[in-house]
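Welcome! Here is a short briefing to read alongside the structure. Take a moment to look it over before moving on to the notes.

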Amino acid sequence: FSNTGTRSLTYTVRTIGYRSGWADSDVATSGMYALKPRVLAPTFTPDGGTHASNVHLIDFTMGSATDSVTIRYTINGPDPAWNSGLIGTSHTLHASLDYFGEYTIRAIAIRSGWVDS
């Protein structure tokens with residue numbers, strides 16, 4: 001089952017065992033399972049690769065197809081978390097990077113009540 005909707009869903013599972021010629025088992029009931037929608041992963045513009053620049057500033061725009069998200073990021077660091085760098089509502093990161101070098105920017109999209117991207 002995949003929850004691709006925009007709301008949380010709650011389910012209770014009930015099962016019964018049976019076999020031809022045997023008595024049916026009692027019904028077993030699980031606890032409740034809550035399924036939350038997942039935020040779509042951020043996208044980057046420009047895409048990864050080699051980019052030429054005459055200045056120490058490169059602009060990256062990050063977005064998500066999911067509305068009302070917060071984007072957190074790291075540069076050459078571990079996977080981002082709730083306390084990582086924050087992208088404002090414009091979702092544009094103005095990164096001051098060394099003139100030459102390779103960088104890995106990791107991002108996560110977060111929305112309260114949803115599963116992080």
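Read from the N terminus, the elements of this chain follow the order β-β-β-β-β-β-β-β. That gives eight strands and zero helices. Please keep in mind that you are looking at a predicted model.

**The chain as a whole**
- The chain has 117 residues, and 23% of them are buried.
- Among contacts in the chain with a separation of 6 or more, 61% are between residues 24 or more positions apart.

**The salt bridge**
- How many salt bridges does the count come to? The count comes to one.
- The partners are Asp79 and Arg106, and their closest N and O atoms are 3.6 Å apart. This pair qualifies because the cut-off for a salt bridge is 4 Å.
- Asp79 sits in the loop between β5 (70-75) and β6 (85-87), while Arg106 belongs to strand β8 (residues 105-110), so the pair ties together parts that are 27 residues apart in sequence.

**How exposed the two partners are**
- Is Asp79 buried or exposed? Asp79 is exposed, since its relative accessible area is 61% and exposed means over 50%.
- Arg106 has a relative accessible area of 31%, so Arg106 is described as partly exposed. That label covers values between the 20% limit for buried and the 50% limit for exposed.

How values were computed
Residues numbered from 1 in each chain as written. Predicted model: local features only at pLDDT ≥ 70, side-chain atom pairs only at ≥ 80, totals over all residues. Heavy atoms only, no water. Salt bridge = Lys/Arg side-chain N within 4 Å of Asp/Glu carboxyl O. Helix = DSSP H or I, 4+ residues; strand = E, 2+ residues; numbered from the N terminus. Buried < 20%, exposed > 50% of the residue type's maximum accessible area, 1.4 Å probe, protein only. Contact = heavy atoms within 4.5 Å.
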